Amino acid sequence: MTANYIVNASTLNLVLIFALYFAAIVFLSTLRIKYVSSRKVYLFRSLFPSWRFFEDLSELPVLYHRVRKGTKDFGDWMPSLKPLERKFSSVLLNPGGNRLLAYYGLLQQVENDMQSVEDGAEHKFSNSVSYLLLERLVREQILLSCSHAEEKNAAFQFKLRSVLQGESVESGQDILVSLEHDL
Amino acid sequence: MDFSFSNALLLVERLIALAVLVQAGELLILRNSVSNEGVWSWEVLRREFEIFSKPTQRLLSAVLAYPNFVFLLLVQFGSALVTLFISHPALILLMLVCHVLVCLRWRGVFNGGSDYMTTVVLAALLIAQLFQGNELVEKGCLIYIAIQTISSFFIAGVVKIGRNNWRTGAALRGFLRSSVYQNPAALDKLVNRSQLLIYASWTVIIFELLFPLSLLNQTVCLAFISLALLFHLANVYMFGLNRFLYAWGAAYPALYYCSGFVGT
């Protein structure tokens with residue numbers, strides 16, 4: 001396969017302009033912007049590419065839940081999200097894997113939102129969109145793993161434990177313990 | 001085969017249509033997650049959009065609430081399917097608008113980097129289509145896609161080489177251990193071999209930093225694209241990032257075309 005090129009002056013100018021553009025985006029990407037304060041910009045961030053992939057290890061939130069049936073005490077804390085098995089077909093289509101990645105994205109978002117809660121307003125967090133989504137996620141995972149007979153008069157609680165990527169979950173610390181919710 | 005800029009644009013268009021087709025298809029399979037009973041119920045999410053004006057909120061509710069959102073995904077799927085065979089600016093515009101709305105429904109992005117690259121390619125294609133016949137604009141769009149592709153590797157390499165834990169292999173070990181997939185025992189053993197991790201980390205860093213050399217000539221470019229495809233496949237296996245393969249795959253014809261400029 002060969003390419004035919006006619007590189008005239010205007011094309012050369014175009015290349016030079018884009019070379020400068022490349023230098024500018026590389027320079028801008030080295031600036032560390034910690035947090036986008038505008039929620040509107042945050043929601044439209046698909047329009048502003050960021051290429052800092054796998055930059056550094058970070059604290060990863062791990063989700064746990066526990067269930068209380070009837071008047072019994074709460075059971076043990078259980079991991080809410082289970083790792084998937086790899087499939088060759090996931091190269092073509094990977095809805096399950098991408099949903100799990102979206103769940104982890106939600107956990108990350110909850111952690112970010114918690115950091116922006118002002119002192120003294122922690123109680124309001126349980127009414128935030130992130131918290132409510134997390135509650136729905138845990139409820140969904142519990143319902144997927146138990147029979148309908150077990151659902152009656154059941155309640156659940158969840159917690160987020162922050163763990164440095166690659167480290168054991170025991171080394172982490174709890175950053176959020178939820179209220180009790182009816183199943 | 002004569003690989004002119006119009007051929008390059010056409011190939012980019014067909015491949016991004018395939019990427020959008022896969023993305024929309026996956027979300028259609030996951031439509032329960034956005035239903036009123038699902039995790040991402042619009043009834044909960046709509047509060048996040050109260051920062052917009054009332055008319056904008058009404059408009060967003062009309063498009064993003066369930067089951068209308070499923071209709072939006074079907075439109076996205078349909079426009080991508082047609083674009084596999086027919087070129088028209090309206091189809092590119094439809095795919096771009098649907099893509100931005102889908103990202104909005106997932107609070108900004110659904111799959112991070114692949115969403116960014118899809119936006120880059122669709123936006124550039126739309127401009128190229130709107131200025132069809134204007135060679136300078138069409139070439140400019142290809143160069144834009146090529147530069148974003150190179151940046152995606154180069155910037156990732158720059159930020160990694162600045163990190164001590166990447167240089168020692170510790171970061172790679174951490175990322176591999178925190179994958180959403182069960183690691184087979186053999187892979188766990190490999191992850192615990194420090195020397196191997198150092199080699200693997202430096203291979204990734206050097207490959208990403210050298211990626212701008214793909215512009216040297218088309219032979220070098222093909223070599224880099226082949227390595228990049230292997231890199232994407234490894235990422236699918238390790239982290240489940242299949243969407244990256246499609247989104248970046250759509251950008252590579254633009255890179256290949258532009259690699260001829262420097263060589264000429």
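**Notes on side-chain contacts**

1. In this predicted model, the side chain of Arg68(A) sits over the face of Phe74(A), at 5.2 Å from the ring centre. An arrangement of this kind is also found in chain B, where Arg105(B) lies over the face of Phe69(B), at 5.2 Å from the ring centre.

2. Over all chains, the structure holds 28 aromatic pairs. One of them is formed by Phe3(B) and Tyr256(B), whose ring centres are 5.2 Å apart and whose planes stand at 70°, so the pair counts as edge-to-face. This pair links distant parts of the chain, since Phe3(B) belongs to the segment before helix H1 (5-29) of chain B while Tyr256(B) belongs to helix H13 (residues 242-263) of chain B, 253 residues apart. Both Phe3(B) and Tyr256(B) are buried.

3. A further edge-to-face pair is made by Phe153(B) and Phe207(B), with ring centres 5.7 Å apart and planes at 80°. Phe153(B) is placed in helix H7 (residues 135-161) of chain B and Phe207(B) in helix H11 (residues 194-210) of chain B, so that the pair ties together parts 54 residues apart in sequence. Phe153(B) is buried, at 3% relative accessibility, and Phe207(B) is likewise buried, with a relative accessible area of 11%.

4. Ring pairs also join residues of chain A and chain B: Trp51(A), Phe53(A), Tyr116(B), Phe244(B) and Trp248(B) are linked into a cluster.

5. For Cys258(B), in turn, the closest cysteine sulfur is that of Cys221(B). Both residues are shielded by the protein chains, as Cys221(B) is buried with a relative accessible area of 0% and Cys258(B) counts as buried at 4% relative accessibility. Over all chains, the structure holds zero disulfides.

6. On the surface, Leu81(B), Val82(B), Phe85(B) and Ile86(B) make up a nonpolar patch, which together has about 380 Å² of accessible area.

Definitions and conventions: Residues numbered from 1 in each chain as written. Chains lettered and ligands numbered in written order. Heavy atoms only, no water. Disulfide = S-S within 2.5 Å. Buried < 20%, exposed > 50% of the residue type's maximum accessible area, 1.4 Å probe, protein only. Patch = residues over 30% accessible without salt bridge, like charges linked within 9 Å, V, L, I, M, F, W, Y side chains within 5 Å. Areas by Shrake-Rupley, 256 points an atom, 1.4 Å probe, with all protein chains shown as cover. Salt bridge = Lys/Arg side-chain N within 4 Å of Asp/Glu carboxyl O. Phe/Tyr/Trp six-rings, centres within 6.5 Å; stacked < 30°, edge-to-face > 60°. Helix = DSSP H or I, 4+ residues; strand = E, 2+ residues; numbered from the N terminus. Lys NZ or Arg CZ within 6 Å of the ring centre and 35° of its normal.
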